[in-house]
Number of protein chains: 2
Amino acid sequence: MTTEQTGFRIGTLAIVGVGLIGGSFALALKKAGVVNEVIGVGRRPATLEHAQALGVIDRAASFEEAAGCADLIMISAPVGAFEAIFAALAPNLNPRARITDGGSTKGNVVAAARRALGTKVAQFIPAHPVAGSHESGPQAARADLYLNRQVVICPLAENQSNDVSYVRDAWLACGADLKTLDVTVHDEVLASISHLPHWLASLYVAHVAKQSNAPTCLAMAGAGFGDFSRIAQGSEEMWRDIFAANREAMLRQISDLHTLLNQAELALRTDNMAWIENMLSESAQIRRQWGEGVFSEGKWHDPA
Amino acid sequence: MTTEQTGFRIGTLAIVGVGLIGGSFALALKKAGVVNEVIGVGRRPATLEHAQALGVIDRAASFEEAAGCADLIMISAPVGAFEAIFAALAPNLNPRARITDGGSTKGNVVAAARRALGTKVAQFIPAHPVAGSHESGPQAARADLYLNRQVVICPLAENQSNDVSYVRDAWLACGADLKTLDVTVHDEVLASISHLPHWLASLYVAHVAKQSNAPTCLAMAGAGFGDFSRIAQGSEEMWRDIFAANREAMLRQISDLHTLLNQAELALRTDNMAWIENMLSESAQIRRQWGEGVFSEGKWHDPA
């Protein structure tokens, strides 16, 4: 069922943090024609002015005003900033408002929401768009960022089903491919397929940079290096917060990975090339299957 | 000086291994109009027939014939196969023939050439095109694979300067951006910027695949996962040989990297987020500078 069929509308949309993620949410809903007014809230007046000049938001507003008048509030900020944002919204939060977010971790965001919002946590329907870019700021926002991209909704036990439907409709209006995951499962899965690759790509670049022949290495590096390390360009503030927020799951991932890395080092040291060829063969096959969409089509079961 | 200006010509070009690398070398030289005849040599008759049907080679030939008549012999095979190939060429190798190659490691290839060719090693001018694709076979070959891509020439003490010039002219006719490196330096640099990323990408995919929730993880994985793991699709035979051939440099790289990974794990475990943010910031800056070409333009000094 499309949003046209359901008659889905948002009166006032408030975007807290008008960068790539929040700005693209606003532009997508404007393009879908389902929002009356978009107001922007943030720490930096210059960013809000810039977002308004770009047409990402219609005007800037304070936390108090947004909490008082918005029908939907979308929070897009480094996940370490969420508790302060919830606390700033809580006192004036109108009972009609639903809150969603674009945070890359969910366990710590939900814990912050429970602390800062109290019983009003029922109005918060967490989401994570598995989309993005190494670009940032309102100038990077685009109406099609979420088109056919996966967005995970992590409903809470406290949520009302009509509020969950409202937030789902908003993401569907952005063109998103919706999934539903439990908060804990979300954080484990994302640690594995998003946070660990970023960790490794960044540490790999740091490793290359520490070498005495680093300039020659970087001058010789080609397309494989470029692909492998592309994600290392992401915002350090955002990723520091993600690693801190998802520490337990990350430490489990790192521990398992290090065991495998040590096995592989031993195989190379002892000339066990059969082990290495077998590993390479299995990885190549899985990565090729992933590229062919085998896992997205056949093996995913959305419990929603 | 272009090849037109120098009047550079190849009478008979022999390609040993008519896949992506060897086939693209043949197509590039055909397109440049500098070669009279291209003959193909290889283990699999079906591959040679396919290459001939595609116009990559003009006809198939034996090792004996190629060694006897070729002006330039290009070897493109898994680096573990080079010693047998040199040995098959050695008995009939005509004194006019120059040999070059597309192998990803140079130390073991040069050692194999010295063993199999004896004093005729003077006719071997090693090369490494830092170009490629996860595709393979003659159908993947294209005339522009080397256009503006880096090709490293690793001349040997035994080489005559006119033979080095001849091989350089052939790669220049392919449109390559030529660099010169010592064999040992080549292998250290490539371990760092090509072999280690492949090792990590493959082990990372193996790690994800071992998890109990692997299907959910792979279903949720997005563009960052895709970029980071793209190189893991490479040929397991080729990469097994590369890791075995470059074992010592790889083990040094792995040891240094593991030290850094363990430092990072400790920083996360002890909540030393300043260390992590600093690392992320430095890596992001270096990777962005690399993308802007800072290292290729400013800091590379080709000793040739």
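The model is predicted; local features need pLDDT of at least 70, side-chain atom pairs count only at pLDDT 80 or more, and totals for chains, interfaces and linings use all residues. Residues are numbered from 1 along each chain as its sequence is written, chains are lettered from A and ligands numbered from 1 in the order in which they are written, and side-chain values use heavy atoms, with hydrogens and water left out.

Domain 1 of chain A spans 9-181 and domain 2 spans 186-290; the bounds come from an automatic or database domain assignment. Their centres, taken over C-alpha atoms, lie 31 Å apart. Domain 1 of chain A brings 15 residues to the contact and domain 2 of chain A brings 13, where contact means heavy atoms within 4.5 Å. The two domains bury about 1100 Å² between them, 67% of it from carbon and sulfur atoms. Buried area is the accessible area (1.4 Å probe) lost when two parts are put together, summed over both. Polar contacts link 4 residue pairs between these domains, both residues at pLDDT 80 or more. Such a contact is a pair of N or O atoms within 3.5 Å; within protein, one must be able to donate a hydrogen and the other to accept it, and residues adjacent in sequence count only if both atoms are side-chain atoms. The side of domain 1 of chain A that touches domain 2 of chain A holds 6 nonpolar, 7 polar and 2 charged residues. Here Ala, Val, Leu, Ile, Met, Phe, Trp, Tyr, Cys and Pro are nonpolar, Asp, Glu, Lys and Arg are charged, and the others, Gly among them, are polar.

Between the chains, 86 residues of chain B contact 86 residues of chain A. The buried area is about 8300 Å², with 70% on carbon and sulfur atoms. Met220(B), Phe228(B) and Arg287(B) supply 9% of the area that chain B buries against chain A, more than any other three residues.

The interface of chain B and chain A has 6 salt bridges. Asp227(B) and Arg230(A) form a salt bridge through their side chains (3.0 Å, N to O). By class, the side of chain B that touches chain A comprises 48 nonpolar, 21 polar and 17 charged residues.

Technical notes
Salt bridge = Lys/Arg side-chain N within 4 Å of Asp/Glu carboxyl O.
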